[in-house]
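Good morning, and thank you for coming. Please look at the structure on the screen while I describe how its parts meet.

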Protein chains: 2
Amino acid sequence: MDNKLMLMIPGPTPVPEQVLLAMAKHPIGHRSGEFSKIMAEVTENLKWLHQTQNDVLMLTVSGTGAMEAGIINFLSPGDRVLVGSNGKFGERWVEVCEAYSLNVDPVTAEWGKPLDPEQFREKLEADTEKQIKAVIITHSETSTGVINDLETINRHVKAHGEALIIVDAVTSLGAANVPIDDWGLDVVGSGSQKGYMIPPGLGFVAVSPKAWEAYEKAKLPKYYLDLKPYRKNAAKNTTPFTPPVNLIIGLQAALQMMKAEGLESIFARHLRQMNATREAMKALGLPLFAPDGAGSPAITAVAPTTVDAEQVRSVMKKRFDIVLAGGQDHLKGKIFRIGHLGFVSDRDILTAVGSLEATLIELGHQGFTSGAGVAAAAKVIAKS
Amino acid sequence: MDNKLMLMIPGPTPVPEQVLLAMAKHPIGHRSGEFSKIMAEVTENLKWLHQTQNDVLMLTVSGTGAMEAGIINFLSPGDRVLVGSNGKFGERWVEVCEAYSLNVDPVTAEWGKPLDPEQFREKLEADTEKQIKAVIITHSETSTGVINDLETINRHVKAHGEALIIVDAVTSLGAANVPIDDWGLDVVGSGSQKGYMIPPGLGFVAVSPKAWEAYEKAKLPKYYLDLKPYRKNAAKNTTPFTPPVNLIIGLQAALQMMKAEGLESIFARHLRQMNATREAMKALGLPLFAPDGAGSPAITAVAPTTVDAEQVRSVMKKRFDIVLAGGQDHLKGKIFRIGHLGFVSDRDILTAVGSLEATLIELGHQGFTSGAGVAAAAKVIAKS
């Protein structure tokens, strides 16, 4: 049976029907009063979602483009930056910094382990001359399913006083609590195909007043990714370049749904689904890649030892039309990743775990009682 | 009566229903075999549309992002570049070059007039030391409705031998003949919401082998706009960053429609509609902003003297739900622009001209015989 695809990957994530239908309308002109009204509503709701009064700017880019904009707008060649790197995306921000001749000081942890906030504290405290201009952190590391302790690392950045905190919240925004104003996060980047419940094609960058001050002194070259024209135009409910009109109209519908659900419910749902997924994996004898306490509410990575990760993905796709993500780079073939991000219901978790059980039986995986995974997931879901 | 909007602007352009419905499907994973198949088909059809065997790369950007990528990938700080500037977009490429510390030599013409190829010839011939690394030309200047003589300018670039020709074909690709391989165009940038008949959100850059050679020596910093990873991934029918899956599935449908129509028919249709529109404006006593022989097949700019351009736009919108574009920058209020680009039929031209006649009567414009505009347009359309 075809055409009953179920995406359980960390993006693109499933898109609600009302968003798809909103996107299927004939485009309208982006310089019209009608579009400006939509921009005004979307911008206000983005601020709500970001828990901030800062600017939240929309760019036609992927999450990587949003993060690059979030880095290059506030720094100059040779600036020292601490970059957390414990997965593919942390490594990517190191590459971006190197491409722009920043003086990169990577703070690393093994893939699958969270960053150690103490290492940031030590480097920041030792920097009495305030050479460190920014600390760049991936909040939810999509490649490993690890969440880094942004709150603690940010506290050390605040004690430093000078450095900006620049956050990759691509798979945490709309899934985990990222209280920008409460924590004083300077730059937060994210992408549409994640917690936003819409297809890929839009990137978001939230910018604090302190970051705008740094912008004035920043000397890296930029044009399309220069955030100032986006800010100037956003103030007039418009954009410097032609925006992806249909996607923004889809976003309008998605944000209305998110507001109806409420931030606390959204975060609780993601946490509950992470817990249900993790408990199910334990019950099935499948080792979790991220340790307890460091699991991302967006995605759970599993490192099976008795079955082949790629075979699990293959059977899940062929037999049940469920798409799981594989491992990236050196983790290819070693892990599979279950996305529970965005428009995912508790029912979807039970569905995925049940299908995974059937897959394990097909692959001859031993050491679990049939039904144990669903039972473990159901227990978490029922009591939450 | 609401919800019967008709876009006659140079982007977003109207989108066929089958493209909208294709876009409204649930997204699929971008690392799937199914998506790779779509990428393979789309890439092949993009090469057909671009009349080239060169790479045609897709980026999640607006047309400006595509052009910036087309400039910064092939140049180094201090490189001398000739930039044609006779409208808002030519001026924008000057700004991009300046943002990246290139040594910009603008070749200007008044807004509304075409660039003079002789000025390029003189500068290129005088450059015996081959300091000029690139010539950047806007083919169809969207802000004024002028088409520049790319073929002749390119011939002078070829005689120079060293400089790359970098073309803004944002409103000419898919509307006018841009035979990349025949003419030897090195870099050609364009955007989805124009001749492609899909909504905004995708940019395209075609790159010649000569440009890839220049890439290897180019030193401007870049990451998201770095074209090499796009090329490397395109060879495997994938993308370096998450692509706008739904838009690409819409593009697949649009390119199938374009292939069914055929390149010659598409170009003839745009030319016919330009001629019909221009003849209608003459018959209505409305001065054309671009001189005969330099009109863009994508857009006709009109500079009325007896009625207010903004009032024309306002009545056309309020009474007939037809959106025309206004003037940009110093042309604001002085011109209106009729887009006839992409999914526009001959019927649409008659509709727009008929509605414009009624608008002129409402605004008290004198000096034309009612029906003369439609008659002039019909004459062109009937005999073509």
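Predicted model: local features only at pLDDT ≥ 70, side-chain atom pairs only at ≥ 80, totals over all residues.

I begin with one pair of side chains: A:Lys88 and A:Asp329 meet in a salt bridge, with 3.3 Å from N to O. By salt bridge I mean a side-chain nitrogen of Lys or Arg within 4 Å of a carboxyl oxygen of Asp or Glu. Side chains of opposite charge can pair when their charged atoms come close.

Residues are numbered from 1 along each chain as its sequence is written, chains are lettered from A and ligands numbered from 1 in the order in which they are written, and side-chain values use heavy atoms, with hydrogens and water left out.

Let us turn to the domains of chain A. The assignment, which is an automatic or database one, gives domain 1 as residues 17–260 and domain 2 as residues 262–383. Their C-alpha centres lie 28 Å apart. Where the two domains touch, 27 residues of domain 1 are in contact with 24 residues of domain 2; contact means heavy atoms within 4.5 Å.

How much area is buried between these two domains of chain A? The value is about 2100 Å², and carbon and sulfur atoms give 67% of it. Buried area is the accessible area, taken with a 1.4 Å probe, that two parts lose on being put together, summed over both. On the side of domain 1, A:Trp111, A:Gly145 and A:Ala175 supply 24% of the area buried against domain 2, more than any other three residues.

Between the two domains the count is one salt bridge. There are also seven residue pairs in polar contact, both residues at pLDDT 80 or more. A polar contact is a pair of N or O atoms within 3.5 Å; within protein, one must be able to donate a hydrogen and the other to accept it, and residues adjacent in sequence count only if both atoms are side-chain atoms.

Which elements of domain 1 each supply at least two residues of the side that touches domain 2? They are α2 (33–50), α4 (88–99), β7 (146–147) and α10 (245–261) of chain A. The largest share, four residues, comes from α10(A). Helices (H or I, at least four residues) and strands (E, at least two) are DSSP runs, numbered from the N terminus.

I now move to the interface between the chains. Here 42 residues of chain B are in contact with 42 residues of chain A. Chain B and chain A bury about 3500 Å² between them, 69% of it on carbon and sulfur atoms. In chain B, B:Pro27, B:Tyr223 and B:Tyr224 lose the most area to chain A, together 18% of what that side buries.

How many salt bridges cross this interface? The rule finds zero between chain B and chain A, while it finds 10 residue pairs in polar contact, both residues at pLDDT 80 or more. On the side of chain B that touches chain A, α4(B) gives the most, with four residues.

Finally, the structure holds 34 salt bridges over all chains. One of them joins A:Lys123 and A:Asp105, whose closest N and O atoms are 3.1 Å apart. A:Lys123 lies in helix α5 (residues 117–126) and A:Asp105 in strand β4 (residues 103–108) of chain A, so the pair ties together parts that are 18 residues apart in sequence.
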